[in-house]
Amino acid sequence: MYEREIAARFRAVNGDHPMSPADDAYVTAQFAALDDLCLASGRDPGAVRLMMLAGLLPLPGYLRSDGAQMVPKDLFAPTEAAGGPEKLEAWFVAHWADPAAGRQEWEAYLSGRYVCLHSVTPASIQRKERLTAEITAAPYDPDAGTPRWSVRLHAAIDELDALEPAFTPYDRLRFGGPTSRDLCIDAMRARFPRDPATARER
């Protein structure tokens, strides 16, 4: 029930891009089919999809080629932390000092496009934002190029690496370009290789 409505909403948000076999394999390993997750947790899939359509839960992160609607394995964890789906928005937004910023992140969360994190929580969203900002600005730091700077940069890259999954080619289609992993992890490691001597000292 409501599968068609969810699929249509997903395509309206993400565009209609094909999923390759590699995309399907990646998504199957990283995410859970919504119906399976509901079955495992004793929830009604139709009721959950209705909550997605009502803006109480995020949309799926992917539509697999076979039509399966793929969601984070911990999809219901924020709802449980908030005390129920009707309390989720207020709980989520309250994690930001600026309510307007919190509501903006809430809308992004509802889109289902936060596939850039292993676990999508306010804390992980905020930490990712701080790390990407720090890494992006690092080449312009006053001490850029020094051993201490390199250690600091690679510590931030390593932490972001632990927060983010690998992504898949489909993501680069729907986002219209490189991902945060491409820009802030892979490209920065290639541009500023870790000093082996410094790495041994750590």
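My entries on the helix pair and the cavities follow.

I'm working from a predicted model, where local features need pLDDT of at least 70, side-chain atom pairs count only at pLDDT 80 or more, and totals for chains, interfaces and linings use all residues. Residues are numbered from 1 along each chain as its sequence is written, and side-chain values use heavy atoms, with hydrogens and water left out.

Helix pair. I looked up H3 (residues 34–41) and H4 (residues 45–53), which pack at about 120° with axes 9 Å apart. Helices here are DSSP runs (H or I, at least four residues), numbered from the N terminus. Axes are lines fitted to C-alpha atoms over the stretch in contact, and angles run from 0 to 180 degrees between N-to-C directions. Leu 34, Asp 35 and Cys 38 of H3 meet Pro 45, Val 48, Arg 49 and Met 52 of H4 (contact means heavy atoms within 4.5 Å).

Cavities. I found 2 of 30 Å³ or more. A cavity is a set of points on a 1 Å grid over the protein atoms alone where a 1.4 Å probe fits but cannot get out; lining residues have an atom within 4 Å of a point. Volume is the space filled by probe spheres set on the points, which are joined across faces, edges and corners.

The largest cavity holds about 110 Å³, and its lining includes Pro 58, Asp 74 and Tyr 109.

H9 (147–163) gives the largest share of its lining, 3 residues.

Notes: Helices (H or I, at least four residues) and strands (E, at least two) are DSSP runs, numbered from the N terminus. On a 1 Å grid over the protein atoms alone, a cavity is a set of points where a 1.4 Å probe fits but cannot get out, and a pocket is an open set with protein on both sides within 12 Å along at least five of seven lines; lining residues have an atom within 4 Å of a point.
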